[in-house]
Amino acid sequence: MPTAKSDAFVFFGATGDLAYKQIFPALQDLIVHEHFDLPIIGVARSDWDLERLRERARASLNEHGGINKRAFAKLCRLLKFVNGDYKSDETFARLRKVLGDAEHPLHYLAIPPSMFETVVKGLDASGCATGARVVVEKPFGRDLKSARELNRTLHWIFPEDAIFRIDHYLGKEAVQNLLYFRFANSFLEPVWNRTYVDSVQITMAEAFGVQGRGSFYEEVGALRDVVQNHMLQVLILLAMDAPTGRGDVEAMRSERLRLLRAIRPLDPKEVVRGQFVGYRSEHGVARNSRVETFAALRLHIDTARWAGVPFYIRAGKEMPLTCTEVFVTLKRPPIAVFDQVKPEDANHFRFRLSPDVVISTGARVKKAGEEMRGEDVELIARYQPKRGRPPYSRLLGDALRGDAELFGRDDALEAAWRVIDPALDDAEKVHSYKPRTWGPELADSLMKDDGGWHNPVMTKPKNASRKSRRK
Ligand code: NDP
């Protein structure tokens, strides 16, 4: 088991989109906050030199979070570039040379999944894999079968504890806060079960389309792109039991797996697939594409805690706003002593995961006056208008230290595909919906017996600023 800290950071795909959007900003953040001081080696095929890669890093930071002059100067000093095709042994021989004395490099595969096998074998043949760790990007396979094959490929060369399968959702501050809120408070646990919870819904809405990445999206669709990974991860954190022991990384991962295994594989009849009008005219998209840009689904968890409680997930592009929110509806009081509480007025917990962070609970209070009539109020436990540090910096920092808690294990990845597999591809018809709406009407029918969807709204909670100032 590679317990030593990594002593070099290698990223394959240095000229690519992910490096531009996430990796350079994360590296600068690590330099600022964690005194990161390791060789950073970018590897890619384009005929670039180091100066061009530095310029790319500058442009990336200008666009994503801004430049910190001192940190950027350090990033430039640490940066090296290896130019070459991943299919060529020479590329890896050059990499080994540039790695110098490094004995525990971390290799980040920010490359098309079709290249994983080639790169892993190249690392092995050149000696670059010895004592090393590897970070693998999502999507981890296309379905259960391909995920198993990918795991087999990685295991040829790397032991499981040297493999870090990334899902950046787990690195998000708001997602961490969800887990913390659940297990650091005693008032929640007694109601967090089938006796008190009526239904749970998770919405991930994006107010944009495929942003020029049509050919990428054609291979994926909403179920593979965000449901199999991000949305299921959020569901797991909402529904899992507390892990045993304190700070035991494997106990946490095993508990997540236990919950995943209790989720029934999707029934295609409980999935609504949608496609926004105009998707087929996007560059790189087939004119008769049946790929879903929206998915709404109902899941069931076969545990004593959750039996009979429906879990809904909805994720889509070209929605009215960009926001990820969890809404947990509690059961109404057994009898209506005062006014009749409508389903939509039932008590709830709301977790806004992005763009801002909100943890709140909805309750009924009496309206002033003679009558015993009530109104809804929301009590805000946490409101953070700004994002914290980028999730990739947290995850890269963890991987460099060998801390695997926030990364996917082989068995968990396969269990997640087992849930989604029956609904992939043409399992159900794709229904069109107008851009900037909440998806096809059929998605509302899926939810109608459980009070309907709660469409997130982007308003700052009224009592938020006062509360956060008081902190
Ligand atoms: P890009 O297509 O933008 O970049 C691919 C990179 O791989 C380029 O640097 C390219 O080099 C390099 N490359 C490809 N083939 C070869 C080869 N034969 N030899 C050498 N270099 C090669 O992809 P992304 O950055 O968008 O995605 C990378 C990974 O990250 C994928 O697995 C993707 O699913 C995942 N991901 C991406 C996200 C994003 O926002 N972009 C979000 C989450 C995950 P060159 O350009 O020099 O040819």
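## Aromatic pairs overall

Search the whole structure and you get 16 aromatic pairs. Keep in mind that this is a predicted model.

## Phe11 and Phe24

Take Phe11 and Phe24: the ring centres sit 5.6 Å apart with the planes at 85°, so this pair is edge-to-face. The two residues are 13 positions apart and tie together distant parts of the chain, with Phe11 in strand β1 (residues 8-12) and Phe24 in helix α1 (residues 17-34).

And the solvent side of things? Phe11 and Phe24 are both buried.

Phe181 and Phe351 make another edge-to-face pair, at 5.8 Å from centre to centre and 70° between the planes. Here the link spans 170 residues, again joining distant parts of the chain: Phe181 belongs to helix α7 (residues 173-184), while Phe351 belongs to strand β12 (residues 348-354).

Phe181 has a relative accessible area of 12%, so it counts as buried.

## Charges over rings

A couple of rings also have a charged residue over the face. Lys172 lies over the face of Tyr169, 5.1 Å from the ring centre. Arg213 does likewise with Phe216, lying over the ring face at 4.2 Å from its centre.

Notes
Residues are numbered from 1 along each chain as its sequence is written. This is a predicted model: local features need pLDDT of at least 70, side-chain atom pairs count only at pLDDT 80 or more; totals for chains, interfaces and linings use all residues. Side-chain values use heavy atoms; hydrogens and water are left out. Rings of Phe, Tyr and Trp (its six-membered ring) pair if their centres lie within 6.5 Å; planes under 30 degrees apart count as stacked, over 60 as edge-to-face and the rest as tilted. Helices (H or I, at least four residues) and strands (E, at least two) are DSSP runs, numbered from the N terminus. Buried means under 20% relative accessible area, exposed over 50%, partly exposed in between (1.4 Å probe, protein chains only). A charge sits over a ring if NZ of Lys or CZ of Arg is within 6 Å of the ring centre and within 35 degrees of the ring normal.
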